[in-house]
Amino acid sequence: MKLKYGQAIQMALDTALSEDENVVFFGEDDRNNLYGYTGGLYEKYGSRRVIDIPLSEAGVVGTACGAAICGVRPVVDLTTENFLYVAMDQICSIAAKTAYMYDGAFSVPLTIFTSAMNIGGNAAQHSDRLHSLFMNVPGLKIIVPAAPQDMFSMLLEAIRDHNPVLCFADRSCFWLEEDVDLQRKIPLGKASVIKEGTDLTIVTISGARKNIMEMLPDLERKGISADIIDVRSVVPLDFFTIAASVEKTGRVVICDTAARTGSAAGHIAALLVDKMFNFLKAPIGIAAAEDAPVPCARSLEDTILLSRRKIEQEIEKVLCFRKA
């Protein structure tokens, strides 16, 4: 079935609601399908399972945590990543820690869905990319699917999971389209090897995959043969797949849509230095967003966000490096 990325979100929600009556969906303006992936859900499943929430993220996530502890499987759509800040205590102190604090007597099968809206002039308070931030909170699973198949299969798997999962979508991917197998299962914590090569390893995180796929024809014209790996999940992280590729190529560029400091890219680089140092033929390249708020002016966004230019610079630096 051909699906766009946004349609894959809706299909995953529809499938989860249809297969398990304990799944409920909390969303902002979901009845009006304001964001393009909730159309028809309210009409199909009714107000007891598709709930239009007030603009009170802390209250809603707290309610969802309580419901999850009592056996419900809530999916909370917080629309844009910056809104997670308002619910930090519920996410980090309740959702992430309850199973540990009660020795497994209770679980919190909660899925929080949100989107990166860092393109199109949404300004600083709507443009953060926060998947790296939550990696420092033990007890959360964090997925960053960036293709329609991955979004469908992994969001559905997240809703079925017994643990709290944060699903970060990237709105730059919403119009990507591909054949989606509705029966295909993708476990959380398994990277995708998109292409195999010999010269270097390119690791993509979240919407960075779109950047690399758009650059692929130019890389091939330049004769650059690259392993391309999309992590798809940052917690758990499939480091084994990344390490196996770096053992083969010896050179790696990590591309991340988040800000550079404290990023998932930096974490992967640290693991590679610790575990794979003897295989590295060059310093690790990291292409990421700048450590600055995203400007409202569209003409300035590209100077802050991950861009093709930044990726090309890192690839050139890594490939040209020769040990003395």
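User: Where is the place of arginine 232?

Analyst: In this predicted model, arginine 232 sits in the loop between strand E11 (226-230) and E12. Its phi is near 65°, a positive value in a residue other than glycine.

User: Why is arginine 232 counted as buried?

Analyst: Buried means under 20% relative accessible area. Arginine 232 has 4% relative accessibility, so it counts as buried.

User: What makes the phi of serine 206 worth a remark?

Analyst: Most residues other than glycine have a negative phi. Serine 206 is not a glycine, yet its phi is positive, about 60°. The residue lies in the loop between E10 and helix H7 (208-221).

User: Is serine 206 buried or exposed, and why?

Analyst: The cut-off for buried is under 20%. Serine 206 has a relative accessible area of 4%, and is therefore buried.

User: What kind of peptide bond joins valine 235 and proline 236?

Analyst: Most peptide bonds are trans. The bond between valine 235 and proline 236 is cis, with omega about -5°. Proline 236 belongs to the loop between strand E12 (233-235) and helix H8 (239-249).

User: Why are E13 and E14 said to pair?

Analyst: Pairing requires at least two bridges. Strand E13 (residues 252-259) and E14 have four bridges, in the parallel sense, so they pair. Cysteine 255 is opposite alanine 287 in E14.

User: What makes strand E9 and strand E14 edge strands?

Analyst: The open sheet has five strands, in the order E9-E11-E10-E13-E14, with mixed pairing. Strand E9 (192-195) and strand E14 (285-289) each pair on one side only. The twist from one strand to the next averages 20°.

Note on methods:
Residues numbered from 1 in each chain as written. Predicted model: local features only at pLDDT ≥ 70, side-chain atom pairs only at ≥ 80, totals over all residues. Heavy atoms only, no water. Helix = DSSP H or I, 4+ residues; strand = E, 2+ residues; numbered from the N terminus. Axes fitted to C-alpha atoms, helices over the stretch in contact; angles between N-to-C directions. Buried < 20%, exposed > 50% of the residue type's maximum accessible area, 1.4 Å probe, protein only.
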